[in-house]
Amino acid sequence: MWLVYKKEMMELLRDKRTLILSILLPTVIFPIIFFFVGKFSGDRAQEARVQEIKIAFVNSEEMPGLRDLFTSEKNFKKVNIESNNYKELVLSKDVDFILEVPEGSLAPADSRVQQTVNLHYKGASQLSNILSTRVKKIFENYNNVQRNKLGDAFNIPNASLKAFNKPLEVENKNYASKRERTGEIAGAMIAYILILLAIAGAMYPTLEVGVGEKERGTLETLLLTPMNKSRIVLAKFAVIFSASFSSVAFTLLSYLFWAYIFTNALNLDAIGFLANVSTLDILLIGVLLIPLTSIFASIMLSASIYAKNMKEAQAYMSPIMMLGFVPVLVAFVPGMELNWKTAMIPVTNVALAMKDLIKGTVDYSLIAVLLASTALIAGALLYFVTQFFKKEKVLFRS
Amino acid sequence: MIEIKNLAKTFAYDKKEAKARQKKVITDPREGEGVFHAVKDVSFNVEPGKVLGLLGPNGAGKTTTLRMLSTALQPTEGQILIDGKDVTKDPLYATKQIGFLSGKTGLYHRLTVQENVEYFGRMHGLAKKELDERLDKIFTLLDMHSFAGKRADDLSTGMSQRASIARAVIHNPRVLVFDEPTTGLDVISAKTVLDFIESYRGTDMSVIFSTHHLHEVEQLCDQVCLIDLGESKFFGTTEEFSAISESGDLYSSFLKLVEVQKEVA
């Protein structure tokens, strides 16, 4: 068995596609891409926060206080406009915002009635939303000033004015740690990526050692050696498992490495919560992936052995991948958590447990239940594949 | 000595296929109720030092017979004896005695020639010293030392074929089974295979050689077995086979036997 395993691994490692797909891509290239994309979008957002906003005023003398709030704000530049075709002016980017105060308007505190002003802008992108948020903040400031003046004008005490404006003030006392809050989303995301990688990492070696042998014409020769068929298929299973598991293990280690780099060297706090995940929890994530990877290795190997050719085998792989993705997506459903029932659902249980491990809220007794149920399924599937490999109908299917 | 006695192999159709076949007009006498008798009754024997040519039209049952002989398939009925030992009861013994090569068998592309052959030698349980000796002997015999370190995907067709032969005989088998080994090969590559088979004539090894090329049979074979519709229709010497037709050539004899079967069917 070791001989077959060694030979298959040697072949796989000599294949550049396997190395790039299984190791280099998830451990180095993806994190670097994520970092640069994240950094680029972060920089753009920061730029939008300090970007100079060109604003024009129409009839602003009617509400001088409002205009002054804008002009006194840093990075707001007042521009003059000649045309009254506001749409064209905005679309041609001559001006970012046009504040139009209707003729004859008065400040609300003076008129004692609500006033309406028009704000002309184009806000399709996320960046322009950042700009409009800056503008809306100034309106909010203006409203606060006007509210206080109206309170004075109507002789409303300050406390009543507060109650009138905001009947209920909520002070949040959230006791969830940052790790729990971030982990709720990021944990599910990481579980999704790791499980996806476990499946994807198994796919190419599966095709290679199963139907690949049939297509190359080496399977028949292999079967004519004194090596027991069960040992041959177990060696093939071990190759797929090794490729898939190492792909995930390297990825997990690379995440921790990049988390360290991003948080300590580059001062990016976004994935800093990963630094709080204990070594035991990381080891448990790795342990959880063992039966999970075995399940997919067995299912995929069965399909690959059964297929007549590469095309047929590839057609089987898509539904198998779906079989993996859908239960993982269930872990994203709000309210889904690891309990005695969900610990029995294959794949979903692993995703939920991973999420809890990353959040730091896992019930370790449930991990034992989960491992037992998943290992049982993995064992049954492995037994099935060894029996499947002995069938003449499968091996010589035509 | 190899003895094949009343060998038969039946494949069961799956339910869907069996249902579909019920609707078709069946003309093949091997079709049964939900089953297909790929081989119904095949018998022949080959003595050491002799080369037997296995003939028959496409789909006659030659490959199935050879697969049973090589233990890849389990016979439904009959016996396969190598030196009196029933290999259906002891397949491990058969795998050690038989070397198998077909036109379709390939090599592991990312392994070198030496690694390919070594791998199969070790799969057959050869110890390091014995393996090294066998490798040197075979590589010398087939003039393979110059490309032993080349990866299989870098080989020419001729080199590939020599590597496949080396792989088939690395464990020093007593019986060589060649299933259409020259199919798809150019003249030079085919000659490599034929010369190799020729080199085994008169040794203590038995060779079974399935082919569609009757000139190869004429050149190499001491005996002929013709299989048609899953049954052996002729077994005898090549001379006896030639004598079946009035013109005395293999081609006419082949056609005569196969034609007779068609008429009966």
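This report walks through the two chains of the predicted model above, then their contact.

Residues are numbered from 1 along each chain as its sequence is written, while chains are lettered from A and ligands numbered from 1 in the order in which they are written. Because this is a predicted model, local features need pLDDT of at least 70 and side-chain atom pairs count only at pLDDT 80 or more, whereas totals for chains, interfaces and linings use all residues.

**The chains side by side**

| Property | Chain A | Chain B |
|---|---|---|
| Helices and strands | 16 helices, four strands | ten helices, ten strands |
| Radius of gyration | 31 Å | 19 Å |
| C-alpha span along principal axes | about 100 × 50 × 40 Å | roughly 55 × 50 × 35 Å |
| Buried share | 32% of 398 residues | 45% of 265 residues |

Helices (H or I, at least four residues) and strands (E, at least two) are DSSP runs, numbered from the N terminus. The radius of gyration is taken over C-alpha atoms, and the globule rule is 2.2 Å times the number of residues to the power 0.38. A residue is buried if 20 or more other C-beta atoms, placed from the backbone, lie within 10 Å of its own, exposed if 12 or fewer, and partly exposed in between.

**Chain A**

For a compact globule of 398 residues the radius of gyration would be near 21 Å, but chain A has 31 Å. Its domain assignment, automatic or from a database, gives domain 1 (52-165) and domain 2 (179-395). The centres of these two domains of chain A, taken over C-alpha atoms, are 56 Å apart.

Helix α12 (residues 279-306) of chain A is worth a look. With 28 residues, α12 of chain A reaches 41 Å from its first C-alpha to its last, close to the expected 40 Å, which is 1.5 Å times one less than its number of residues. At A:Ile290, α12(A) bends by about 25°, and A:Pro291 follows within four residues. The bend is the angle between axes fitted to the seven residues ending there and the seven starting there.

**Chain B**

Chain B is as compact as a globular protein of its length, because its radius of gyration of 19 Å is close to the 18 Å that the globule rule gives for 265 residues.

**Where the chains meet**

The contact (C-beta atoms, placed from the backbone, within 7 Å) takes 18 residues from chain A and 22 residues from chain B. On the side of chain A that touches chain B, α1 (2-13) and α10 (219-223) of chain A are the elements giving two or more residues. The largest share of that side, four residues, comes from α1(A).

Key. Contact = placed C-beta atoms within 7 Å.
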